Amino acid sequence: MKIVVIHGQNHKGSTYMVSSMLAEKVISKSGGDVKEFFLPSDFSAPCTGCFSCFKGEITDCPHYSSLQPAADAMLEADLIILDSPVYVYHATGQMMSFLDHFGTWWIVHRPKEAMCSKQAVAISTAAGGGMKRTCRDMADSLKMWGIRKVYSLGFGVQAASPDDIPKRILDRIDRKTDKTAERICSGANRKGMNLRARKWFAVMRMAHKHFEPAEPDYSYWENRGWHGPERPWK
């Protein structure tokens with residue numbers, strides 16, 4: 001299984017530990033390899049709102065040369081892991097800036113069919129709270145990209161570093177990553193689309209038929225037969 005991990009921070013703390021643990025367990029069960037990208041060292045450019053990607057392609061983004069390695073890796077991967085520690089109850093600014101660059105991949109614009117054969121995990125840790133919101137920040141994009149199955153793992157570690165995490169919490173992390181790895185491996189090689197994305201697909205398909213065509217989205221859908229019987233998850 002090909003795994004890509006996008007870390008929402010450069011340092012290797014508790015969130016990195018959980019992501020690494022999960023990736024290692026999946027690889028031990030299914031084989032494969034892992035590619036890692038660290039933000040902001042591997043990508044740091046904020047979206048400028050130039051609208052180049054929406055008027056054309058993501059390749060028209062002024063930051064695409066530095067964005068491409070991570071974008072290609074996500075398209076090639078079987079499993080995408082996005083992780084971020086909780087920063088003021090949300091994902092890191094660098095993670096959100098990274099995801100801002102993939103607006104055209106959302107189901108309401110020009111989704112990638114390849115996403116329908118992938119699984120993904122949003123992972124977050126904090127000393128106290130905010131993990132649910134932080135996971136949701138990342139899972140919103142993962143789901144709206146059309147990924148078949150998206151998991152969320154959030155842990156309150158009650159510590160500032162992995163070495164200080166209480167054993168009972170480490171045991172819980174071990175159990176939950178074990179269970180998630182099992183589910184990921186059992187769900188390999190399946191195709192589909194999560195329910196949220198399928199609902200938005202139906203809404204946009206109807207909008208394309210009843211309103212003035214918005215280009216280039218309309219032609220993208222038309223060329224793939226999505227206004228007819230074809231579907232990206234089939």
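This is a predicted model: local features need pLDDT of at least 70, side-chain atom pairs count only at pLDDT 80 or more; totals for chains, interfaces and linings use all residues.
Residues are numbered from 1 along each chain as its sequence is written, and side-chain values use heavy atoms, with hydrogens and water left out.

Back to our serine. Setting aside neighbours within four places in sequence, Ser 152 contacts Ala 122, Cys 135 and Ala 139, a contact being heavy atoms within 4.5 Å. Ile 123 is 29 residues from Ser 152 in sequence, yet their C-alpha atoms are 5.9 Å apart.

Now let's zoom out. The chain has eight helices and five strands, and from the N terminus on they run β-α-β-α-α-β-α-β-α-β-α-α-α. For overall size, the C-alpha atoms fill a box of roughly 60 × 40 × 30 Å along the principal axes.

Among contacts with a separation of 6 or more, 80% join residues 24 or more positions apart. The accessible surface is about 11100 Å², and carbon and sulfur atoms hold 51% of that surface; the areas come from the Shrake-Rupley method with a 1.4 Å probe, and for residues only the protein chains shown count as cover.

On to the inside. In soluble globular proteins, nonpolar side chains tend to be buried together. Which residues have the most contacts inside the largest nonpolar core? They are Ile 6, Ile 80, Phe 98 and Trp 145, in a core of 33 residues. A nonpolar core here is a set of buried Ala, Val, Leu, Ile, Met, Phe, Trp, Tyr and Cys residues joined through side-chain atoms within 4.5 Å. Strands S1 (2-7), S3 (79-85) and S4 (119-126) and helices H3 (64-76), H4 (93-100) and H5 (131-144) each give two or more residues to this core, and H3 has the largest share, six residues. A second, separate core has 23 residues, including Met 1, Val 26, Phe 155 and Ile 184. As for Ile 6, the residues it touches beyond four places in sequence include Phe 37, Leu 39, Met 74 and Phe 98.

Leu 39 brings me to the backbone. A cis peptide bond joins Leu 39 and Pro 40, with omega about 10°, and Pro 40 is in the loop between strand S2 (33-38) and helix H2 (52-55). That loop between S2 and H2 also holds Phe 51, a non-glycine residue with a positive phi of about 70°.

Another cis bond links Glu 215 and Pro 216, with omega about 5°; Pro 216 lies in the loop between helices H7 (195-210) and H8 (217-223). Finally, Gln 158 has a positive phi near 55°, in the loop between strand S5 (149-156) and helix H6 (167-186).

Technical notes:
Helices (H or I, at least four residues) and strands (E, at least two) are DSSP runs, numbered from the N terminus. Buried means under 20% relative accessible area, exposed over 50%, partly exposed in between (1.4 Å probe, protein chains only).
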